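Subject: Structure handover

Hello,

Here is the structure for you to look over. My notes follow below.

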Amino acid sequence: MTLVQKYALLPEEIDRESLKMVEADLPTGLDLEPREHYVLCRIVRAEGDPAIAEAVRFGSNAIDRGIEAINAGIDVVTDVRMVEMGISKVLLGRRSVGTQCLIDAQEVAARAQREGTTRSVAAVRELAPRIDGAVVAVGNAPTALLALLDLVDAGVVAPALVVGMPVGFVACPESKEELVKRDIPYITIMGRRGGSSAAAATINALLELAGAAEN
């Protein structure tokens, strides 16, 4: 018997069995409504770590605002290509939603040099005209989330939902602490953990919920 024959399952079986394992391993006492629980399970599955569940936070009306933006056909804005590539093209197609990411654009590199900042910051600033009413998914640099919050504070942008899940050490926990202080819908993972897989899994879960809401 090959290793594939011994361990591998079909995609539908993998999805079903992995979610059973997630449910079995979740910490007790989580106070979430059903749709939040749905999103949480997919974050945990993407990270392979049930303990991360205790660090996930949902802002007021986060799920509703995310679904509304998706059903309005507004493009999802991402900080890096890894988040963008992790979002299901099939699910995006079903909702007639696109994605926007400029991290590797020439104009962003030029702006970063001109303003003496990072590409992550410059990309968020360059994307400002596309952020109003959009779901913004940050899964890499804390500076991207900080730049987004600066734009919110200045009244330049009003995102429908911020999926704030940068990962790392420097300014990472602080960026999320600043996010949850703001009166904007958010889904985040407090502390140093997060990443592109978690951010993309969150968007995929919202796309699935948006589809289910019409059935």
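Which residues line the largest cavity? First, a caution: this is a predicted model. The lining is made up of V77, T78, D79, V124, I131, V136, V138 and L148. By class, that lining divides into six nonpolar residues, one polar and one charged. Strand 2 (76-78) and strand 4 (135-138) each supply at least two of the lining residues. The largest cavity holds about 40 Å³ of space. A search of the whole structure turns up one cavity of 30 Å³ or more.

Next, the helix pairs.

Helix 8 (residues 119-126) packs against helix 9 (residues 142-153) at an angle of about 35 degrees. Their axes are 8 Å apart, and the crossing is right-handed. Helix 8 makes the contact with S120, V121, V124 and R125. Helix 9 brings T143, A144, A147, L148 and L151. The contact has six nonpolar residues, two polar and one charged. Note V124 and L148: both take part in this contact, and both also line the largest cavity.

The other pair is helix 2 (residues 11-25) and helix 3 (residues 34-47). Their axes come within 10 Å and cross at roughly 100 degrees. Angles of 65 to 115 degrees count as roughly perpendicular, so helix 2 and helix 3 are roughly perpendicular to each other. On helix 2, the contact residues are D15, S18, L19, V22 and E23. On helix 3, they are H37, C41, R42, V44 and R45. This contact has four nonpolar, two polar and four charged residues.

Best wishes

Methods:
Residues numbered from 1 in each chain as written. Predicted model: local features only at pLDDT ≥ 70, side-chain atom pairs only at ≥ 80, totals over all residues. Heavy atoms only, no water. Axes fitted to C-alpha atoms, helices over the stretch in contact; angles between N-to-C directions. Helix = DSSP H or I, 4+ residues; strand = E, 2+ residues; numbered from the N terminus. Parallel < 35°, antiparallel > 145°, perpendicular 65-115°, else oblique. Contact = heavy atoms within 4.5 Å. Nonpolar A, V, L, I, M, F, W, Y, C, P; charged D, E, K, R; others polar. 1 Å grid on protein atoms, 1.4 Å probe; cavity = no way out; pocket = protein on both sides within 12 Å on 5 of 7 lines; lining within 4 Å. Points joined across faces, edges and corners; volume = space filled by probe spheres on them. Left-handed = near helix turned anticlockwise from the far one by under 90°.
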